[in-house]
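Take a look at the protein shown here. Keep the picture in view while you read.

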Amino acid sequence: MAAGPGGGRSMLGSMLLFTVVLSLQEVYRGKLASSELFTILGGFTSSLLFLFSLTFIGNLQESSGTKSSWGAVVIAEIIALVAASTVHRVCITTCFLFSAGLLYEMNKISGYMLSESKSKKH
């Protein structure tokens with residue numbers, strides 16, 4: 001199944017946002033590691049990298065005709081955790097926790113959107 005008309009734009013947008021967030025995170029690495037609050041913020045920005053990379057990987061898989069699975073989640077999480085480790089070791093933990101929350105919310109939104117699309121067809 002090919003991705004819809006917005007799939008290419010979503011893939012490009014997520015890759016651009018990933019690049020911008022990663023670049024800003026690396027530029028301000030020293031500031032993000034300077035205090036506890038900024039370290040938590042560093043974990044949150046890394047979890048945004050998880051969100052953007054998961055969107056990119058999922059759209060890439062859909063456009064190639066394969067179904068997205070937990071493998072995409074694991075790969076996206078590894079990418080985000082490696083990026084978090086360049087800032088501070090505590091960022092790894094906070095990134096994992098924020099990413100788990102984002103994944104839970106994305107799953108809820110996905111289920112809601114799927115049920116809405118099924119109800120409109122009937």
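This report goes from the overall fold to single side chains.

## Overall fold

The model is predicted. The protein has 122 residues. Its secondary structure comes to 5 helices and 0 strands. Read from the N terminus on, the elements run α-α-α-α-α. The C-alpha trace spans about 55 × 25 × 20 Å along its principal axes.

How much of the protein is buried? Of its residues, 29% count as buried.

## Annotated regions

The UniProt record carries the annotation "transmembrane region" for residues 6–25, 37–58 and 78–104. That entry is unreviewed. The annotation may be inferred rather than shown by experiment.

Two of these spans can be compared with the model. Residues 37–58 are 100% helix and 0% strand. The end C-alpha atoms of residues 37–58 lie 32 Å apart. Residues 78–104 are 89% helix and 0% strand. Here the end C-alpha atoms are 17 Å apart.

## An aromatic pair

The structure holds 1 aromatic pair. Its partners are Phe-44 and Phe-98, with ring centres 5.4 Å apart. Their planes stand at 80°, so the pair is edge-to-face. The cut-off explains the label: planes over 60 degrees apart count as edge-to-face.

Which helices does the pair link? Phe-44 lies in helix H3, residues 36–64. Phe-98 lies in helix H5, residues 89–121. The pair therefore ties together parts that are 54 residues apart in sequence. Phe-44 is partly exposed, at 34% relative accessible area. Phe-98 is also partly exposed, with 32% relative accessibility.

## Salt bridges

Side chains of opposite charge can pair when their charged atoms come close. How many salt bridges does the structure hold? There are 2.

One joins the side chains of Glu-26 and Arg-29, at 3.0 Å from N to O. Glu-26 is partly exposed, with a relative accessibility of 25%. Arg-29 has a relative accessible area of 36% and is partly exposed as well.

Another salt bridge joins Glu-105 and Lys-108. The closest N and O atoms of Glu-105 and Lys-108 are 3.6 Å apart. Both residues sit in helix H5, 3 residues apart, so about one helical turn separates them. Glu-105 is partly exposed at 36% relative accessibility. Lys-108 is partly exposed too, with a relative accessible area of 45%.

## A nonpolar surface patch

Which residues make the nonpolar patch on the surface? Val-20, Leu-24, Val-27 and Tyr-28 do, and the patch covers about 410 Å². Val-27 is found in helix H1, residues 7–27. Is Val-27 buried or exposed? Val-27 counts as exposed, because its relative accessibility is 61% and exposed means over 50%.

Ser-53 is found in helix H3. The helix also holds Phe-44 of the aromatic pair. Ser-53 has a relative accessible area of 6%, so this residue is buried. The cut-off for buried is under 20%.

What does the side chain of Ser-53 reach? The side chain reaches the backbone oxygen of Leu-49, at 2.9 Å.

## Picking out the parts

Now find these features in the picture. Start with the 5 helices. Then locate Phe-44 in helix H3 and Phe-98 in helix H5. Go on along helix H5 to Glu-105 and Lys-108. Finish with Val-27 in helix H1.

Key
Residues are numbered from 1 along each chain as its sequence is written. This is a predicted model: local features need pLDDT of at least 70, side-chain atom pairs count only at pLDDT 80 or more; totals for chains, interfaces and linings use all residues. Side-chain values use heavy atoms; hydrogens and water are left out. Rings of Phe, Tyr and Trp (its six-membered ring) pair if their centres lie within 6.5 Å; planes under 30 degrees apart count as stacked, over 60 as edge-to-face and the rest as tilted. Helices (H or I, at least four residues) and strands (E, at least two) are DSSP runs, numbered from the N terminus. Buried means under 20% relative accessible area, exposed over 50%, partly exposed in between (1.4 Å probe, protein chains only). Patches are made of residues with over 30% relative accessible area and no salt bridge: like charges are joined within 9 Å, nonpolar side chains (Val, Leu, Ile, Met, Phe, Trp, Tyr) within 5 Å. Accessible areas come from the Shrake-Rupley method with a 1.4 Å probe; for residues, only the protein chains shown count as cover. A salt bridge is a side-chain nitrogen of Lys or Arg within 4 Å of a carboxyl oxygen of Asp or Glu. A polar contact is a pair of N or O atoms within 3.5 Å; within protein, one must be able to donate a hydrogen and the other to accept it, and residues adjacent in sequence count only if both atoms are side-chain atoms.
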